[in-house]
Amino acid sequence: MLLPVASLVTILLYLIARSHGASVSSSPAQTFLGIGGSGAWWPTDLYRFPEATRQNLSQLLFSQNGLGLSSYRYNIGAGGVNVSNPTRAPETFYVSQGNYNWSADPQGVYFLLEAAKQGVPSITAFANSAPARLTSGGASCNGDFVSGSGTAYGTYLADVVTHFRGQGVNISYISPMNEPDSTFGPSPCNQEGMRVQPSQRAEVINGLYSALSSKGLTSSVGILADESSSLSNAGNEYASWLPQVVDKVAALVHHTYDFPSDASYTSYISNTKQLYPNKVTWMSEICCSLGNPDGTGKGYGQGYDPTIKNALMFTGMVFQSLVLASEPHYDFWTLVSNGIGCSPLNNPSCANTANSNGWTDGLIYYDSAYATNKNYQIYLTKHFWTYKHFGNFVKPGSQRRAISGSDASKFTMAVSTSSNYYILAMNPNTTDSTLTLSFPDTVCPSGGVRTSASEDFAQVSSASKSGSSWAMPLRSLSLTTYTFNRRAC
Ligand SMILES: *[C@@H]1O[C@H](CO)[C@@H](O)[C@H](O)[C@H]1NC(C)=O
Ligand SMILES: *[C@@H]1O[C@H](CO)[C@@H](O)[C@H](O)[C@H]1NC(C)=O
Ligand SMILES: *[C@@H]1O[C@H](CO)[C@@H](O)[C@H](O)[C@H]1NC(C)=O
Ligand SMILES: *[C@@H]1O[C@H](CO)[C@@H](O)[C@H](O)[C@H]1NC(C)=O
Ligand SMILES: *[C@@H]1O[C@H](CO)[C@@H](O)[C@H](O)[C@H]1NC(C)=O
């Protein structure tokens with residue numbers, strides 16, 4: 001068979017690219033849905049900050065000048081009954097069945113409305129617990145979902161969603177049980193939580209689905225479940241509930257507090273695909289780990305690390321979900337945190353220095369003593385700047401393209417839109433390197449941005465031509481995004 005010259009040239013270029021560097025696939029992998037995080041529990045505190053700071057924070061989260069998040073998770077409070085930490089005790093709308101106080105939770109609602117106003121396209125409402133009056137212990141933690149209350153609970157959640165959609169807040173997902181394996185007791189508790197036994201989960205989904213259905217909302221509001229804290233719980237427990245309600249669940253969302261190895265993540269994905277074909281999975285919550293840029297040493301635990309070291313470790317986790325697991329959506333946990341572990345008024349540089357008292361659970365921090373010392377500063381970490389690469393460049397509707405070849409790494413990702421390619425590439429090593437990449441169509445390089453120990457999303461030079469490929473310097477311990485226009489220069 002005689003191949004057209006153009007094909008031969010393409011094949012030749014492909015072989016050259018393969019032997020030196022890497023190449024971007026001509027066909028898309030997954031289409032992205034969102035990059036975001038949760039509105040728990042910082043709204044309780046940040047609502048009390050000056051309006052200018054609340055506005056600044058909203059910009060930092062939702063505008064393209066800030067993180068540019070495309071997903072926001074609003075926490076439907078359960079009233080905080082028996083929760084000892086007041087920051088973690090969100091108010092509830094629930095008064096009694098069918099009777100609601102829509103003035104409750106002005107704190108959470110303020111930032112929900114900001115997300116909506118700034119056009120965040122994917123808004124999820126999630127609950128850690130049913131309203132206290134519906135749980136087994138009459139509290140917002142240390143109890144269980146009461147079998148038989150699925151209709152009551154589902155009706156309440158659907159009413160909350162309907163209320164906000166009526167105000168122009170496009171809630172498109174609802175998650176009725178966040179981390180259902182734990183009661184988060186004993187009381188007094190550190191946070192809200194309600195155990196939902198695996199055998200009870202189908203009832204929760206059925207109750208919510210019928211309530212959404214009676215309002216004609218099942219095609220516009222998808223149910224997310226079951227927010228298991230770990231991939232291993234998720235996979236082990238699906239058999240107890242999912243087959244009964246699989247058609248009523250929009251996506252299987254999970255947390256990754258087991259900090260899975262690549263092999264466990266891959267096996268979760270392949271088992272789930274095999275048992276529940278066509279059911280999409282995604283990562284909906286993670287935080288709280290120290291560890292190294294290459295991913296070694298990670299695991300749930302205390303300690304505040306605002307440096308590039310930790311930012312790259314979490315960046316590696318995002319790549320694990322989006323590249324290795326091919327998931328379409330990623331949510332970090334709490335976006336803003338008071339777990340800074342030090343007093344910035346007493347020691348101005350402490351916000352930028354690791355300590356063992358705090359927690360690495362936010363991208364932006366504030367002084368835990370703000371109420372008494374009136375310190376209303378907010379502090380950005382390196383994790384804020386690395387996550388901005390994903391928030392700014394991995395937009396809903398864009399697609400991932402696989403990268404193959406000798407320069408391909410699990411920390412490199414290509415994103416395509418109709419007009420651009422974005423190459424997000426991390427160098428977790430202490431030596432500089434260069435990524436050499438070829439594309440399946442004509443491109444023109446158009447700048448880039450880098451976050452490293454000394455740079456925060458700083459402009460860098462465009463990729464430079466290297467034969468039929470493009471060379472992109474990757475500074476040691478950095479995350480760089482290079483932009484290419486899909487046209488001739
Ligand atoms: C509704 O919630 C608001 C805000 O917490 C509170 O001030 C008000 O007293 C509540 N109203 C009722 C009827 O509970
Ligand atoms: C609401 O969100 C859904 C899903 O993200 C989207 O398809 C729809 O266009 C949005 N509607 C409005 C009015 O923004
Ligand atoms: C809530 O706290 C009260 C007062 O300490 C206690 O009596 C009750 O048992 C607690 N409820 C739960 C479900 O733990
Ligand atoms: C917003 O907060 C950031 C982080 O503290 C600060 O650098 C910036 O100057 C603030 N912007 C405004 C307009 O207040
Ligand atoms: C980092 O080092 C590892 C191990 O030597 C190597 O495989 C990888 O390609 C390096 N990554 C970059 C971006 O230089």
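Two strands pair here if DSSP finds at least two bridges between them, and helices (H or I, at least four residues) and strands (E, at least two) are DSSP runs numbered from the N terminus. A few notes with that in mind.

This is a predicted model, where local features need pLDDT of at least 70, side-chain atom pairs count only at pLDDT 80 or more, and totals for chains, interfaces and linings use all residues. Residues are numbered from 1 along each chain as its sequence is written, chains are lettered from A and ligands numbered from 1 in the order in which they are written, and side-chain values use heavy atoms, with hydrogens and water left out.

1. **The E12-E13-E14 sheet.** These three strands form an open sheet in that order, with mixed pairing. Strand E12 (336-337) and E14 sit at the edges, each pairing on one side only. Three bridges hold strand E13 (residues 364-366) to E14 in the antiparallel sense. Which residue of E14 is the bridge partner of Tyr366? It's Ile378, and Ile378 turns up again in the next point.

2. **Ligand 4.** An N or O atom in the Asn56 side chain is 2.3 Å from an oxygen atom of ligand 4, and a backbone N or O atom of Ile378 is 2.6 Å from an oxygen atom of the ligand. Taken alone, ligand 4 exposes 360 Å², of which the protein buries 40% (Shrake-Rupley areas with a 1.4 Å probe; for residues, only the protein chains shown count as cover).

3. **Ligand 2.** An oxygen atom of ligand 2 is 2.4 Å from an N or O atom in the side chain of Asn170, and an oxygen atom of the ligand is 3.3 Å from a polar backbone atom of Pro121. The protein buries 28% of the 360 Å² that ligand 2 exposes when taken alone.

4. **Cavities.** Rolling a probe the size of a water molecule over the atoms shows where empty space is left. On a 1 Å grid over the protein atoms alone, a cavity is a set of points where a 1.4 Å probe fits but cannot get out, and lining residues have an atom within 4 Å of a point. Grid points are joined across faces, edges and corners, and a volume is the space filled by probe spheres set on the points. How many cavities of 30 Å³ or more are there? The count is two. The largest holds about 80 Å³, and its lining includes Ala40, Trp41 and Asp105. Helix H2 (43-46), strand E3 (71-75) and helix H4 (106-117) each give two or more residues to that lining. The second largest cavity has about 40 Å³, with Tyr304, Asp305 and His383 among its lining residues.

5. Most residues other than glycine have a negative phi, and most peptide bonds are trans. Ala40 and Trp41 are joined by a cis peptide bond, omega about -5°, with Trp41 in the loop between strand E2 (34-39) and H2. Asp105 has a positive phi near 50° and sits in the loop between strand E5 (99-100) and H4. The Gly185 to Pro186 bond is cis too, with omega near 0°; Pro186 is in the loop between strand E7 (171-175) and helix H6 (201-214).

6. **Second largest pocket.** A pocket is an open set of points with protein on both sides within 12 Å along at least five of seven lines. This one has about 330 Å³ of space. Of its 16 lining residues, Trp41, Arg88, Gln191, Tyr300 and Trp333 are the closest to its centre. The lining splits into eight nonpolar, four polar and four charged residues.

Technical notes. Polar contact = N/O pair within 3.5 Å; in protein donor to acceptor, adjacent residues only side chain to side chain. Nonpolar A, V, L, I, M, F, W, Y, C, P; charged D, E, K, R; others polar.
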